[in-house]
Amino acid sequence: RKGAGHLIAYVGAIGEQDHVAHLVEAAALLDDRDGVTVCVAGDGSGLPEARRRARALAVEERFNWLGWLYGRREIASLVRSADVCVAPELESAFNRLASFVKLAEYMSVGAAIAAHRLPQTERLCGDTIEYASDMTPRALAAAVRRLLDDPERARRLGAAARDRFERSVAWDAVGAPRLVDAYDRVFGPAGRA
């Protein structure tokens, strides 16, 4: 945290479809009195634009551009340390169909999450995250602000996200049983051996 009053985290690829520049615009709308720091872990073709937006909006000092983090412990530590993890993706033909890995990673450690209401985000996260009221930076900033202003609610949503992850996303709960079932259907129970 390095002395940050509030830590906001983004973890993942930074392509154009990820809209990290939109996150920059949202962060610029947050009141600086709180000492907001935004850690961005990732890289990609959208990073130069996001950094340009941070300079243009005079909020570059709020951002810590970490690049790719490869260690699972390092990623988990960042996500756990954050007050809010953000998925800033906007509606598009691609984003209406995509589920973002970052959401599952945030959920897996019980992080409070702010995101726009996209079909696959709702399908994955349900009511366990704070949704922006529309697709604007102002609405995303307001969703982040609601979580920062109510740490108990943020904690409850994070716990609900973790529970939902364990029940309906985690490999042990969903993937492994489905794989075993598929093998049983193709090879019969003897095929497991």
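View 1. A residue counts as buried when its relative accessible area is under 20%. In this predicted model, Val86 comes out at 0%, so it belongs with the buried residues. You'll find Val86 in strand 4. Leaving aside residues up to four places away in sequence, Val86 touches Ile8, Ala9, Tyr10, Leu23, Lys102, Tyr106, Ala114, Leu140 and Val144. Arg117 is 31 residues from Val86 in sequence, and their C-alpha atoms are 12 Å apart in space.

View 2. Now look at strand 4 (residues 84–87) and strand 5 (residues 113–115), a parallel pair held over 3 bridges. Ala87 has Ala115 of strand 5 as its bridge partner.

**View 3. Strand 1 and its two partners.** How many of the residues of strand 1 (residues 6–11) are buried? The count is 6 of the 6, so the rest of the structure largely encloses this strand. As a general point, side chains in a regular strand alternate between the two faces of the sheet. In strand 1, His6, Ile8 and Tyr10 point one way while Leu7, Ala9 and Val11 point the other, and all are buried. Strand 2 (residues 36–41) runs parallel to strand 1 and is joined to it by 6 bridges, with Ala41 of strand 2 standing opposite Val11. Strand 4 also pairs with strand 1 in the parallel sense, over 2 bridges, and there Ile8 has Val84 as its bridge partner.

**View 4. The largest nonpolar core.** Nonpolar side chains tend to be buried together in soluble globular proteins. The largest nonpolar core in this model has 62 residues, and those with the most contacts inside it are Val38, Val40, Phe63, Trp65, Leu78, Tyr106 and Val144. Helix 7 (residues 137–149) gives the most to this core, with 7 residues. Zoom in on Tyr106 and you'll see it touching Ala9, Tyr10, Val11, Val79, Cys85, Val86, Ala87, Ala111 and Ile113, again not counting residues up to four places away in sequence.

**View 5. Two aromatic rings, stacked.** Searching the whole structure turns up 1 aromatic pair. Phe63 and Trp65 form this pair, and their rings are stacked, 5.0 Å centre to centre with 10° between the planes. Are these two residues buried or exposed? Both Phe63 and Trp65 are buried.

**View 6. An arginine over a tyrosine ring.** Arg117 lies over the face of Tyr131, at 4.0 Å from the ring centre.

**View 7. Helix 2 and its buried face.** Leu47, Ala50 and Ala54 are the buried residues of helix 2 (residues 47–56). Seen down the helix axis, these buried residues fall within an arc of 65°, so they line one face of helix 2. What do they pack against? Their partners are helix 1 (20–29) and strand 3 (63–67). Just after helix 2, look for Ala58, which takes a positive phi of about 60°.

Terms used:
Residues are numbered from 1 along each chain as its sequence is written. This is a predicted model: local features need pLDDT of at least 70, side-chain atom pairs count only at pLDDT 80 or more; totals for chains, interfaces and linings use all residues. Side-chain values use heavy atoms; hydrogens and water are left out. Rings of Phe, Tyr and Trp (its six-membered ring) pair if their centres lie within 6.5 Å; planes under 30 degrees apart count as stacked, over 60 as edge-to-face and the rest as tilted. Buried means under 20% relative accessible area, exposed over 50%, partly exposed in between (1.4 Å probe, protein chains only). A charge sits over a ring if NZ of Lys or CZ of Arg is within 6 Å of the ring centre and within 35 degrees of the ring normal. A nonpolar core is a set of buried Ala, Val, Leu, Ile, Met, Phe, Trp, Tyr and Cys residues joined through side-chain atoms within 4.5 Å. Helices (H or I, at least four residues) and strands (E, at least two) are DSSP runs, numbered from the N terminus. Contact means heavy atoms within 4.5 Å. The arc is that of the directions from the helix axis to the C-beta atoms. Two strands pair if DSSP finds at least two bridges between them.
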